[in-house]
Amino acid sequence: MRIILLGPPGAGKGTQAVRLVERLGIPQLSTGDMLRAAVAAGTPVGMKAKAVMDSGALVSDDIVVGIIADRIEETDAKNGFILDGFPRTVAQAEAFDAMLAEKGLKLDGVIEFKVNEAELVDRIVKRAKETEARGEPVRKDDNPDVFKTRLEAYRTQTAPLSAYYQSKGTLKTVDGMRPIDEVTEAIRGILGR
């Protein structure tokens, strides 16, 4: 299965991706991890990415899609993969779809986590307080101001993917505010496994 998980930060995509990896036996692909691995391996596309990153610029969509194209050829991804955090824009989605088509592949599902943003901010504040109470360092992403900035970036850049995938007939939604196990069951129902 080839699956994309969409939704704002804090919606539970990462938690559900871990459960999908366990259940389906396919890898979760992180663009950041893939970029670092391609650079470390010295692949042609990795060398391009390194040059861009060394200059302080953002890696282009073409390079990111090239790295994903290389990664999905690896043995562990032959039966599918889960993407969480990519694509971030409609342009990336279009480039990704074109790459999949060139390989004779298609997505099996795009699952969007619908959330109440005000409740989501409250969830992050609560998570930060619980982390502090345990004496653990609070993730930078769990700072309410940082989180609100990330949420705004999601709204402007990534939220338009909903309409893109809806128009292709591949978008399904789950209520990301439900308890974790209920979200897992909803995804299982969508995927049929």
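Which backbone nitrogen does the side chain of Ser30 reach at 3.1 Å? The side chain of Ser30 reaches the backbone nitrogen of Asp33. This is a polar contact (a pair of N or O atoms within 3.5 Å; within protein, one must be able to donate a hydrogen and the other to accept it, and residues adjacent in sequence count only if both atoms are side-chain atoms).

The model is predicted: local features need pLDDT of at least 70, side-chain atom pairs count only at pLDDT 80 or more, and totals for chains, interfaces and linings use all residues. Residues are numbered from 1 along each chain as its sequence is written, and side-chain values use heavy atoms, with hydrogens and water left out.

**Ser30 and its loop**

Ser30 sits in the loop between β2 (28–29) and α2 (31–41). Helices (H or I, at least four residues) and strands (E, at least two) are DSSP runs, numbered from the N terminus. Ser30 is partly exposed, at 26% relative accessible area. Buried means under 20%, exposed over 50%, and partly exposed in between (1.4 Å probe, protein chains only). Phe81 is 51 residues from Ser30 in sequence, and their C-alpha atoms are 10 Å apart.

**Two buried charged residues**

Lys13 belongs to helix α1 (residues 13–24). Lys13 is buried yet has no salt bridge. The nearest side chain of opposite charge is Asp84, 4.2 Å away. Lys and Arg count as positive, Asp and Glu as negative; His and the chain ends are not counted. A polar atom of the Lys13 side chain lies 3.0 Å from the backbone oxygen of Pro8. Contact means heavy atoms within 4.5 Å. Leaving aside neighbours within four places in sequence, Lys13 has contacts that include Leu5, Asp84 and Phe113.

Asp97 is in helix α5. Asp97 is buried, with a relative accessible area of 17%. Its side chain makes a polar contact of 2.5 Å with the side chain of Tyr164. Not counting residues up to four places away in sequence, Asp97 touches Leu107, Tyr164, Tyr165 and Lys168.

**Salt bridges**

Side chains of opposite charge can pair when their charged atoms come close. A salt bridge is a side-chain nitrogen of Lys or Arg within 4 Å of a carboxyl oxygen of Asp or Glu. By this rule the count is 16. Here are three of them.

| Pair | N to O distance |
|---|---|
| Asp181 and Arg19 | 2.7 Å |
| Lys50 and Asp54 | 2.7 Å |
| Glu152 and Arg155 | 2.2 Å |

Asp181 lies in helix α9 (residues 180–191) and Arg19 in helix α1, so their pair ties together parts 162 residues apart in sequence. Lys50 and Asp54 are both in helix α3, four residues apart, about one turn of the helix. Lys50 is partly exposed at 33%, while Asp54 is exposed at 56%. Glu152 and Arg155 share helix α7 (residues 144–158), three residues apart.

**A helix pair and a cis bond**

Two packed helices are described by the angle between their axes and the distance between the axes. Helices α3 (residues 44–54) and α4 (residues 61–71) have axes that come within 9 Å and cross at roughly 145 degrees. Axes are lines fitted to C-alpha atoms, for helices over the stretch in contact, and angles run from 0 to 180 degrees between N-to-C directions. Val45, Lys48, Ala49 and Val52 of α3 meet Ile63, Gly66, Ile67 and Asp70 of α4.

Most peptide bonds are trans. The bond from Phe86 to Pro87 is cis, with omega near -5 degrees. Pro87 lies in the loop between β3 (81–84) and α5 (90–102).
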